[in-house]
Amino acid sequence: MKRSLFLLTFLMTVLVHPADAGILDDLVKGAGLGQKSAPGNDQVIAGLKEALSIGTGNAVTATSKTNGYFGNQAIKILMPEKIRKVADVLGKVGYQKEVDDFVLSMNRAAEKAAPQAKAIFIDAIHQMTVDDARKILDGGDTAATEYFKAKTSGKLYEAFQPIVSSSMNEVGTTRSYKEMMGQYTALPFAGAESLDLDRYVTNKSLDGLFYLLGQEEIKIRKDPAARVTDLLKTVFGGK
């Protein structure tokens, strides 16, 4: 009934006062016409899933390539703090190449394990609820990344650790570590703390992956050029 009354009033206004644009604008605004509606739940979820698929895909691709970790100073896996003194001493007594090779081999192991994240991220995206989606959309700049950390960290660790361990054996990380520690402990008055190398490299691999994922999320939220589809523009356009 109200809609019919509005249409009748609108038509009478057009016919009687065709030049009065202000009245027409007031009527349109009063009826809520011409206003961009907020995305519905289905659209929000679809948009977020698309954004997360793009973001996680970019992060996994970036970390999986050669020098994905080693060539990126933000996520490069450095000498463990526990044995940094060992590396410094060995570098000064002629073993810098061995130290450098060790650091390179840790990063190569991370790069080899990184592709395992793809399927785990996809599964987490599929499990996203309406409530999850709204919290992410209304959350901080890295709300989606935090969602992934909560949902996938355990699974990612379980998937990465065996590959990191195997890869470090293949590329010689474990051997390099043992040789390096052997050279150090052979020095007079030298002593060093023990280190779970597999755990260290696995955790640093995940830290780097989530860091890049966070950067991808920030780009989509803040940079219109990063919203590469119409759906992303609709969902994130007002953010």
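Q: How many aromatic pairs does the structure hold?
A: This is a predicted model, where local features need pLDDT of at least 70, side-chain atom pairs count only at pLDDT 80 or more, and totals for chains, interfaces and linings use all residues. Residues are numbered from 1 along each chain as its sequence is written, and side-chain values use heavy atoms, with hydrogens and water left out. Rings of Phe, Tyr and Trp (its six-membered ring) pair if their centres lie within 6.5 Å; planes under 30 degrees apart count as stacked, over 60 as edge-to-face and the rest as tilted. The number of aromatic pairs in the structure is three.

Q: Are the rings of Phe121 and Phe210 stacked or edge-to-face?
A: The two ring centres of Phe121 and Phe210 are 6.3 Å apart. Their planes stand at 65°, so the pair is edge-to-face.

Q: Which helices does the pair of Phe121 and Phe210 link?
A: Helices are DSSP runs (H or I, at least four residues; strands are E, at least two), numbered from the N terminus. The two residues are 89 residues apart, so numbered, and the pair links distant parts of the chain. Phe121 is in helix α6, and Phe210 is in helix α10.

Q: At what angle are the ring planes of Tyr147 and Phe148?
A: The centres of the Tyr147 and Phe148 rings are 5.7 Å apart. The pair is edge-to-face because its planes are at 70°.

Q: Which residues form one aromatic cluster?
A: Buried means under 20% relative accessible area, exposed over 50% and partly exposed in between (1.4 Å probe, protein chains only). Phe121 and Phe210 are buried, and Tyr147 and Phe148 are buried. One aromatic cluster is formed by Phe121, Tyr147, Phe148 and Phe210.

Q: Which residues does Leu156 contact, leaving aside its neighbours within four places in sequence?
A: Contact means heavy atoms within 4.5 Å. With those neighbours left out, the partners of Leu156 are Ala117, Ile120, Phe121, Leu206, Leu209 and Phe210.

Q: Which residues does Ala117 touch, not counting residues up to four places away in sequence?
A: Ala117 lies in helix α6. Ala117 counts as buried because its relative accessible area is 0%. Beyond four places in sequence, Ala117 touches Val60, Leu156, Phe160 and Leu209.

Q: How far apart are the C-alpha atoms of Gly57 and Lys118?
A: Gly57 is found in helix α3 (residues 41-64). Gly57 is partly exposed because its relative accessible area is 29%. Gly57 and Lys118 are 61 residues apart along the chain, yet their C-alpha atoms are separated by 6.9 Å.

Q: How far apart are the end C-alpha atoms of α5?
A: The expected span of a helix is 1.5 Å times one less than its number of residues. For the 18 residues of α5 this should give 26 Å, which agrees with end C-alpha atoms that are apart by 26 Å.

Q: What is the phi of Asn67?
A: Most residues other than glycine have a negative phi. Asn67 is found in the loop between α3 and α4 (84-92), and it is partly exposed because its relative accessible area is 33%. Although Asn67 is not a glycine, its phi is positive, at about 70°.

Q: Which ring does the charged end of Lys76 sit over?
A: A charge sits over a ring if NZ of Lys or CZ of Arg is within 6 Å of the ring centre and within 35 degrees of the ring normal. The charged end of Lys76 is 4.5 Å from the centre of the ring of Phe70.

Q: What share of the residues in the protein chain is buried?
A: The protein chain has 11 helices and zero strands. Of its 239 residues, the buried share is 37%.
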